[in-house]
Amino acid sequence: MQDDLIIKTTNLTKSYGPHVALSKLNLSVPKGATGLLGPNGAGKSTFLKTILGLIQTTEGEGTVLGLDIRTKGDEIRSRIGYMPEYDSLNPEMEAIHQVRYSGELLGMNPTIALARAHETLQYVGLGEQRYRNIGSYSTGMKQATKLACALIHDPELIIADEPSNGLDISARDYMIDTLTNTVQSGNRSVLMASHLMDDVERVCDNFILLHKGKLAAQGRIEDLKAFDREIEIHVWGGASRLEDAMAKKGMSVRREGRVMRILHEQEDTTSLILSCAAEVGAQIRRMHEYEASLEDLFLSIMENLGYEVKSSEDLLGTPVQARKVDAPGHMGGGSA
Amino acid sequence: MTTQEETLPQQVEFAAEAPVTGKVRLEAAWGSTEGDEDLSVTMSSAPKSDGQIFKQQYKPWNGELNPRWMRNWAILRHHLLGVFKKGHRPWGVPIRLYLLVVFVASLSDVGMTLVSGLIGDSGLHSVWGVSRDNLYAHVLGFFPRNMLYYPVVAALLVGGVISEDRQHGTSALYFSRPITRFDYVGMKFISVAMIQGLLILVTLALYYFAEIATMGRGWAWIIDTFPMFLATVFSALLLIFTYTSIGLSLSSVSKGKFFPGIALLSIILGTKVLAFIVANLFDREILYLLSPYDCLAHVGQAIIGTQPTYDQYSWTWSLASLVAMNGVALYVLSTRVSSMEVTRE
C-alpha cells in the first residue's frame, strides 16, 4: 500500500514569519490522477513548491516518489514533470526547440532531447505546428507546449497547475483528454491543481482539498460524490402533502416550489417516494437522480463542514443536516 | 403486367451499356417510381470509412538523464550558440549585427599591424603596433572602445538575459528542473562574459599574434612583452566581470530589456562624465571612484604599466572600489535570483 503512494506528508508545515502557509498537512496521494483543490490563498502553490523541493519546510516531513523533499529536491525534480500555470515559454522560440531545451535542462543529450521533443509535441497535438514561433500560438497551443515540456523525459509524476486555464471549450477538452490518456494509457500519475471542478472530475480519481493552509478533505471523488446523491422530483398537486408524508417516513427532503430533492439513502427510496405520492394523491411528473457537481460539494465542504474533515469517509459519516448543498437559506440550506 | 416483368426492363435500362433514352433520363433525374426498386444495381462507390487522422499514443522513454555538468552545459550552449544559429536563445538581429560590427571594429589594430608589417612602414607600426599603450588602449581606451563598443555590447547582452525569464516566466522552466539558482545565474554570467570575451580577448590575442607573425618577432620580444599581454588580459577579464555583474544585477531587478541596458550605460558613461566634469571644474578626482570605467582604467594603468592619468589617489583605492561595486552587484543579483518564483512570477 505504501508503495502505491506517490506523495506522502506528515505534519508538513511551512511558515513565512507569522503567516502559516501550510499547517500540519498529513497527505497520502496514491498513484493515478489526483486533483488539488482549494480557493486562492489555500496554500496550493506553497504545497507545490514544497513537494518540488524548492522551499524548506518549517516542520514535518514528506516524500515524493519515495524521495525526501527536504534533501532530495534535485532528484525529485528530475523525476517529475511540472506544467506551470503561468506563461513559461519564450515567444521568440520555435516550439520544437523550446521543448528540446527543456529536455536538455533535465540532462538529456541534445540529439535525444530533439527526437523526444518531436514525439511529445506529436502527442500533445502540435505535430504539424512544431516549427512555428510560440508567440504565434493560441493559448491552447501554448498550454499544450507546456505539457510537452513537462512530458519530454517521461516523468513518473506530472504536476499540472491549472492546465485548462484560459482555454476555449475544444482546447480544454483536448487538454483534459490528453491528461486522461497520459494517466490511463501512459500509466503515469498526475497531480492537477485546478479551480475548474469539471476538469478535475474528468481526469482525477482522487482529490485533495486545501483551505487556509490546512487539509480540508481528501479521498476518492467517487466517494465524495456518493455522499450527496439525491433524487429530484417535480410534483404537480399536493406537493406540501407529499413533503409531509415523506418527512414522516424519515426521508430528508429539500423543496423549492414544486421541485423537491430527497436524499437517496436507501435502495427503496424511489419506491417510498412513489408510495407516498400515491397515498397523498400527488402527481410526480418527473423523477431523476440528482448528482451534485463537484463544485457544489466543494462549496458545501467549505461552507458547512469546515476543514476539520480529513477524508471522504468522514464526509460520508457527517450528519444529514450538514449536507444541504445548494438549498436556499429559507429552506434550511446554507450554513448548517 | 407482373412486378417481375416491370423490374427486369428497368434493370436493363440502367445497365452501363444501355442506350440513354428519354425514359431512362427521366428515371435518373426524378426517380419517378414508387421507390421500391432494388437499389443494389446503383451502388457503385465503396463503403465510406471514418478514417483516423491522428491517434494520440503515449510513448514512454527509458533513457538516462545526464548529471549536473550536462545541464549546465545546456544553459551555456543555449546562450552562446544563439548568437550564431537558430534553435537556441534568440538574440535579436540588431544585437547580432552590432556584435559583428564591434568584432570587426575591434580588429582595426590587427588590420593596421598587418598593413604596417606588409608595407614595412615603421611610422605606421609605431602608431599601431603592439606596445604597452596600445595593449592598454585595445581593452581600456575610452574612445571608441569604452564609449561605443564594450559598454554597449554589455548593455545589449545583459538586457534580456535574466529579465526575459521574469517577463516570459521562463524561470519556471529552469527551477522546476534540477537546476540550482547558482548554476542558473553562473551559466548565464559565463555565457554573457564569453561573448564579450570573444570580442575583447580574442581580438586582443589576434592583435598580439598578428604582431608576432607579421613582424617576425622572436622569443626575446615575446618574453619581453608577454607579461604586458597577460596584464592586459587580466584587465580585460576585470572589465568583462565588472560590466557583466553590474549588468546582470540590473537585469535581475527588471522585467524588460530596455531598463537594464540603459541603466548599465548610464552607470558606466554617466558616472564617467560626472566625475570628469567635477575633476575639471573643481580639480577633485575623488568622484572617479564611483565610475566603474575609471576604476578599471586606473587599475589597468597600474598593472599594465602605462602612464597613470589619475594622480590624486592610489590605484588600490580604485581596486577596492571595483571590489565593492562587484560585491554590491553580485549581492543584488543573488538576492533577486533567489526570489524568482516557479509557481508565479
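Start by selecting helix H15 of chain B together with its cover: helix H11 (181-215), helix H12 (219-252) and helix H14 (292-304) of chain B are among the elements that cover the buried residues of H15(B). (Helices here are DSSP runs of H or I with at least four residues, strands are runs of E with at least two, and both are numbered from the N terminus.) What you have open is a predicted model, where local features need pLDDT of at least 70 and side-chain atom pairs count only at pLDDT 80 or more, while totals for chains, interfaces and linings use all residues. Residues are numbered from 1 along each chain as its sequence is written, and chains are lettered from A and ligands numbered from 1 in the order in which they are written.

Now show side chains on H15(B). Pick B:Ser318, B:Ser321, B:Leu322, B:Met325, B:Ala329, B:Leu333 and B:Val337: these are the buried ones. Buried means 20 or more other C-beta atoms within 10 Å of the residue's own, with C-beta atoms placed from the backbone.

Zoom out to the whole of chain B. You'll find 15 helices and 0 strands, and buried residues make up 37% of its 345 residues.

Where do the chains meet? Select the 30 residues of chain B that are in contact with 41 residues of chain A; contact means C-beta atoms, placed from the backbone, within 7 Å. On the chain B side, helix H3 (68-81) and helix H10 (171-175) each supply at least two residues.

Hop over to chain A and its open sheet of 4 strands, ordered E2-E1-E4-E5 with antiparallel pairing. Strands pair if DSSP finds at least two bridges between them. Strand E2 (19-30) and strand E5 (67-68) stand at the edges with a single partner each, so one side of each has no neighbour in the sheet. Follow E1 (residues 5-16) along E2(A): 8 bridges join this antiparallel pair, and A:Ser15 stands opposite A:Val20.

Last stop: strands E12 (residues 253-256) and E13 (residues 259-263) of chain A, an antiparallel pair joined by 4 bridges. Here A:Arg254 stands opposite A:Arg261. Finish at the turn of this hairpin, with 2 residues between the strands, where A:Gly257 takes a positive phi near 60 degrees.

Note on methods. Contact = placed C-beta atoms within 7 Å. Buried ≥ 20, exposed ≤ 12 C-beta atoms within 10 Å, placed from the backbone.
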